[in-house]
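Thanks for coming, everyone. Please have a look at the structure on the screen, and then I'll walk you through it.

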Amino acid sequence: MNVAMILAGGNGTRMQREIPKQFIEILGKPVLAYTIDIFQSHPQIEVIGVVCRKEWIGYCREMIQKYGLTKVRWIVPGGSTFQESVLNGVNYMRDIISGYKDIYDMPAASKENDAKLKETDYAVIQYGAAPFTSHRIVDAVLEMARTYGSAVSGTPCYQLLSVKDTDHTSVCGADRDQYIQIACPYSFQISYLLDIYKRAQDQGLIDVAEPHTTSLMYALGDTVHFAYGDQTNIKITTDEDLGLFEGYVLMKKRNRLDSKDESDDK
């Protein structure tokens with residue numbers, strides 16, 4: 001079984017909006033719904049869990065039912081940091097595996113793939129405000145995780161890089177070929193994901209190794225494996241990103257209409 005864990009526990013404070021960025025509507029639909037739909041429509045993903053800001057859980061449940069996101073089986077409250085939110089999701093999966101929690105927390109959840117979650121299954125971690133991810137990228141991280149136990153989406157650096165001396169100056173360039181941009185989704189065999197967070201807790205790293213699971217991996221001395229990534233796969237961080245995503249949605253709709261017209265003409 002492949003389970004997607006969607007992280008929707010952030011504040012999105014950098015955008016200075018009244019609501020978290022994952023709940024901002026684009027063309028009448030919340031960003032989070034677009035993100036979940038990537039995995040709802042993905043044939044390799046059987047189950048989805050959401051980690052959500054506590055005060056938005058009721059809204060999230062209504063949104064999931066409204067958009068027919070039937071693969072969503074549970075929602076758990078987020079934490080005050082990224083690591084705490086992931087840990088809440090990881091602990092919930094661990095409790096499902098141990099039989100302490102029910103995999104069907106959502107009343108409208110589909111039970112077509114009624115199977116017990118196991119440590120040998122795979123988890124895919126995705127930011128709720130990262131709706132650009134493609135099925136090709138999800139395929140790539142799952143394939144590599146099956147070989148190495150884990151994988152992240154990695155995109156080569158195409159822009160020139162410089163080392164800052166001050167906020168406005170640099171006297172040294174950086175070799176962009178030596179760097180790679182890490183993006184979600186991350187994929188892990190669940191046993192390994194549980195192990196990462198257990199070792200991180202034992203070593204007191206949860207509160208100091210922010211902001212990602214890869215930060216814990218580096219702190220623990222583990223190896224990060226890079227799967228396919230591309231420049232489209234960005235996380236919404238600024239107002240400009242929201243505009244980009246609206247254009248992306250409109251482009252996808254136009255492409256679907258063009259494909260339908262071509263099919264009708266045959």
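**Helices, burial and cysteines**

Helix 3 and helix 5 are oblique to each other. The axes of helix 3 and helix 5 cross at roughly 125° and come within 10 Å. Axes are lines fitted to C-alpha atoms, for helices over the stretch in contact, and angles run from 0 to 180 degrees between N-to-C directions. Helix 3 passes helix 5 in a left-handed crossing. Left-handed means that the near helix is turned anticlockwise from the far one by less than a right angle; clockwise would be right-handed.

Who makes this contact? From helix 3 come Phe-82, Gln-83, Val-86, Leu-87, Val-90, Met-93, Arg-94 and Ile-97, and from helix 5 come Ile-190, Leu-193, Leu-194, Tyr-197 and Gln-201. Contact means heavy atoms within 4.5 Å. By class, the contact of helix 3 with helix 5 has ten nonpolar, two polar and one charged residues. Ala, Val, Leu, Ile, Met, Phe, Trp, Tyr, Cys and Pro count as nonpolar, Asp, Glu, Lys and Arg as charged, and the others, Gly among them, as polar.

A word on where this comes from. This is a predicted model, where local features need pLDDT of at least 70, side-chain atom pairs count only at pLDDT 80 or more, and totals for chains, interfaces and linings use all residues. Residues are numbered from 1 along each chain as its sequence is written, and side-chain values use heavy atoms, with hydrogens and water left out.

Now the overall picture. The chain has seven helices and eleven strands. These are DSSP runs, numbered from the N terminus: helices are H or I with at least four residues, strands E with at least two. Of the 266 residues, 48% count as buried. Buried is under 20% relative accessible area, exposed over 50%, partly exposed in between (1.4 Å probe, protein chains only).

Next, helix 6, residues 213-220. How many of its eight residues are buried? Six of them are. They are Thr-213, Thr-214, Ser-215, Leu-216, Met-217 and Leu-220. Those buried residues pack against helix 3, helix 5 and strands 6, 7 and 10. Just after helix 6, Gly-221 takes a positive phi of about 85°.

Helix 5 and helix 6 pack at about 65°, with their axes 10 Å apart. That makes helix 5 roughly perpendicular to helix 6. Helix 5 also passes helix 6 in a left-handed crossing. Tyr-192, Leu-193, Ile-196, Tyr-197, Arg-199 and Ala-200 in helix 5 meet Thr-213, Leu-216, Met-217 and Leu-220 in helix 6. By class, that contact has eight nonpolar, one polar and one charged residues.

Two single residues now. Thr-35 sits in helix 1, residues 31-40. Its relative accessible area is 0%, so Thr-35 is buried. Beyond its neighbours within four places in sequence, Thr-35 is in contact with Ile-6, Gln-126, Tyr-127, Gly-128, Ala-129, Ala-130 and Pro-131. Pro-20 lies in the loop between strand 1 and strand 2. Pro-20 counts as buried because its relative accessibility is 6%.

Last, cysteines. Cys-184 is buried at 3%, whereas Cys-172 is partly exposed at 42%.

Key:
Angles under 35 degrees count as roughly parallel, over 145 as roughly antiparallel, 65 to 115 as roughly perpendicular and the rest as oblique.
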